[in-house]
Amino acid sequence: MSVCHHVLFQPLVHFLRHVSFPPDPHLLPTALKSCPALPLVRALHAATVAAGIARDPFVSSSLLRTYLRFGATPDARAVLDGMPQKTVVGWSALVAAHAAHGDTEGAWRLLKEMRRGTAGGGGGVEPNAITWNGLVSGCNRSGRARDAVVALARMHGEGVLRPDATGVSCALSAIGDLGTEAVAVGEQLHGYTVKSGCRLGFVNGKDLEAVELFREMQAQGIEPNSVTIPCVLPAFANVAALMHGRSAHCFALRKGFLHDVYVCSALVDMYAKCGRVRNARRIFDAMPSRNVVSWNVMIGGYAMHGEAKTAVRLFDSMLMCKQKPDMVTFTCVLQACSQAGLTEEGRRYFKEMQHEHGIYPRIKHYACMVTLLGRAGKLDEAYDLITDMPFEPDGCIWGSLLGSCRVHGNVDLAEVAAEKLFHLEPDNAGNYVLLSNIYASKKMWGGVNRIREMMKDMGLKKEMGCSWIEIKNKVHTLLAGDDSHPMMTAITEKLKQLNIEMRRLGFAPSTYFVLHDVEEQEKDDILAVHSEKLAVALGLISTSPGTPLRVIKNLRICDDCHEAMKFISCFEGREISVRDTNRFHHFRDGKCSCGDYW
DNA sequence: ATAGGGTTAG
């Protein structure tokens with residue numbers, strides 16, 4: 001009970017400590033900052049009027065800010081009106097607040113007023129970039145995307161202010177929501193920024209385009225800032241554009257952004273996803289302060305690389321640093337355990353998260369546990385966990401089980417899981433392919449054919465395999481069965497040569513006859529090659545001997561390619577890293593860091 | 001002082 005009271009009264013106590021009557025103009029801003037309720041703000045306001053200090057610039061701007069914090073825009077306006085000299089800051093805050101409350105008209109009126117100057121308010125005040133950006137973002141936050149676009153266009157049309165990186169990023173989320181409509185809106189407007197905004201919004205989630213746009217933005221002389229950098233880093237991470245990521249890192253260093261926890265967390269994540277856990281760790285260690293996300297991305301980074309022991313050790317340091325873990329922390333820790341086969345540790349953490357940290361497992365945590373148990377061969381236990389858990393199992397749960405069945409070649413349970421998946425996600429081609437692969441691994445060709453017929457009947461096509469490899473600052477995209485890459489002839493030559501060597505050295509082609517291979521056998525042999533092989537072949541012929549290769553792919557790596565990568569790493573004396581949807585595989589001297597366990 | 005932001009399953 002006493003704790004409860006403490007919590008309730010603390011803001012009030014803090015507030016009262018800084019309050020005096022009559023109010024002291026020097027203490028008042030601090031008091032307002034911790035003021036817990038709107039009536040108290042009004043009372044203080046009245047007291048300042050009575051004490052004759054309401055027009056003090058320090059006091060009035062604090063009052064204005066505090067009123068806006070409580071959403072009391074009319075009161076804030078009244079304060080501004082009472083100010084002898086109105087600052088751009090006061091006006092900007094009010095403009096942003098009106099826009100954020102959905103009053104676009106009011107915001108525009110204020111903007112006009114501030115320029116013209118109000119009666120007795122002295123000369124006009126020109127809006128600055130922050131005023132405009134606040135307007136754009138306010139419109140966006142109140143769900144008025146069109147207004148945001150118009151605001152940005154007008155800012156640009158004014159010609160006085162160049163839209164900066166913030167203006168662009170403010171408009172991006174707004175425009176993203178407009179979807180295709182954004183294009184129509186954008187066509188009517190002029191100005192590069194708006195067009196680029198529309199483009200980014202339109203291509204929503206297309207990382208390569210985002211990378212390209214970021215470069216264009218810089219070419220236009222719009223400098224990235226400490227917000228646009230963490231915005232664009234995930235795009236670099238997703239396509240493993242390490243060089244772009246590095247240059248963003250250098251830029252952040254020069255601009256002194258490395259004190260920003262968002263910038264650093266995004267850098268840690270980018271380096272980890274680009275295969276450079278050591279670099280990620282160096283940034284992590286140098287961070288002046290960390291939040292729960294900083295720890296999560298670092299732990300998740302180790303998990304992704306199969307360095308479970310380090311991940312777990314870092315989790316312990318996290319607790320020692322008094323950083324409270326959250327749900328994401330435990331998905332990372334459990335994922336680390338399952339990928340390294342630390343079954344007992346995983347079980348322990350699953351219990352501890354509930355009993356020691358009070359974090360109730362969500363369905364994703366159960367999915368992690370299914371993977372953990374399933375991969376350790378305890379498939380029945382995994383199945384029991386599914387039936388006992390307090391959630392209705394979803395696609396993610398059955399997918400985990402199906403994935404585990406693949407590792408252990410358990411056809412019976414795979415059929416159970418697949419049946420559920422076909423019902424839950426009838427259009428997800430990956431599930432059909434996975435079951436077919438399991439049949440194929442057992443040479444159950446009847447099953448393979450049945451699945452193929454099913455897919456044909458439903459008009460389902462497997463997702464196009466796609467890999468990215470960065471060679472000399474350029475990210476190359478390679479698609480399975482697509483020969484449009486300009487170096488295709490040389491790639492084909494290299495693959496033929498590798499195939500010959502592979503047979504000669506006794507690396508038998510996989511006995512797994514996967515679905516897409518069967519389909520594509522009818523075509524030219526070389527076109528059936530998976531995208532990661534094409535990427536590696538391109539890497540081999542375009543870089544000097546010994547250069548490590550890093551490939552990212554959009555699907556899970558197949559057994560056949562996994563074997564081939566082991567061979568190539570050995571034969572060519574290269575380190576090859578492949579990040580699939582799941583994790584990194586580091587191939588070196590004919591072995592993979594996953595221990596053939598994925 | 002007023003704008004802008006990062007992490008999570010198979």
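**Figure 1. Arg550 and the residues around it.** Arg550 is located in strand 3, which covers residues 549–553. The model shown here and in the other views is a predicted one. Arg550 counts as buried because its relative accessible area is 12%, and the limit for that class is under 20%. A polar atom of the Arg550 side chain lies 3.2 Å from the backbone oxygen of Cys274. Apart from neighbours within four places in sequence, Arg550 is in contact with Ala240, Leu242, Cys274, Gly275, Arg276, Trp468, Ile469, Glu470 and Ser577.

**Figure 2. Chain A as a whole, for orientation.** Chain A has 598 residues, and 52% of them are buried. Its secondary structure consists of 31 helices and six strands. Among contacts in chain A with a separation of 6 or more, 64% join residues 24 or more positions apart.

**Figure 3. The protein surface near DNA strand B.** Around DNA strand B there are 40 residues, and the closest are Ser137, Asn225, Asp260, Tyr262 and Ser265. By class, this surface has 17 polar, 15 nonpolar and eight charged residues. Of the DNA strand B atoms within 4 Å of the protein, 43% belong to sugar or phosphate, and the rest belong to bases.

**Figure 4. Side chains at the bases of DNA strand B.** In the side chain of Asp260, an N or O atom is 2.5 Å from a base nitrogen of DNA strand B. For Asn133, the separation between a side-chain N or O atom and a base nitrogen is 3.2 Å. The elements that give two or more residues to the surface near DNA strand B include helix 8 (129–141), helix 16 (261–273) and helix 18 (292–304).

**Figure 5. Ser289 in a loop.** Ser289 belongs to the loop between helix 17 (277–286) and helix 18. With a relative accessible area of 42%, Ser289 is partly exposed. The C-alpha atom of Ser289 is separated by 7.8 Å from that of His259, and the two residues are 30 residues apart along the chain.

**Figure 6. Cysteines without disulfides.** A disulfide is a covalent bond between the sulfur atoms of two cysteines. The structure holds zero of them. For Cys368, the closest cysteine sulfur is that of Cys396, 7.8 Å away, so the two are too far apart for a bond; the cut-off is 2.5 Å. Cys368 is buried, with a relative accessible area of 14%. Cys570 is also in no disulfide, and the nearest cysteine sulfur, in Cys592, is 14 Å away. Cys570 is partly exposed, with a relative accessible area of 48%.

**Figure 7. Two loop residues with positive phi.** Most residues other than glycine have a negative phi. Lys443 has a positive phi, near 55 degrees, and is found in the loop between helix 26 (429–441) and helix 27 (445–458). Asp589 has a positive phi as well, near 50 degrees. Asp589 lies in the loop between strand 5 (584–588) and strand 6 (591–592). Asp589 is exposed because its relative accessible area is 56%, and that class starts over 50%.

Terms used:
Residues are numbered from 1 along each chain as its sequence is written. Chains are lettered from A and ligands numbered from 1 in the order in which they are written. This is a predicted model: local features need pLDDT of at least 70, side-chain atom pairs count only at pLDDT 80 or more; totals for chains, interfaces and linings use all residues. Side-chain values use heavy atoms; hydrogens and water are left out. Buried means under 20% relative accessible area, exposed over 50%, partly exposed in between (1.4 Å probe, protein chains only). A residue is near a molecule or strand if one of its heavy atoms lies within 4 Å of it. A polar contact is a pair of N or O atoms within 3.5 Å; within protein, one must be able to donate a hydrogen and the other to accept it, and residues adjacent in sequence count only if both atoms are side-chain atoms. Helices (H or I, at least four residues) and strands (E, at least two) are DSSP runs, numbered from the N terminus. Ala, Val, Leu, Ile, Met, Phe, Trp, Tyr, Cys and Pro count as nonpolar, Asp, Glu, Lys and Arg as charged, and the others, Gly among them, as polar. Contact means heavy atoms within 4.5 Å.
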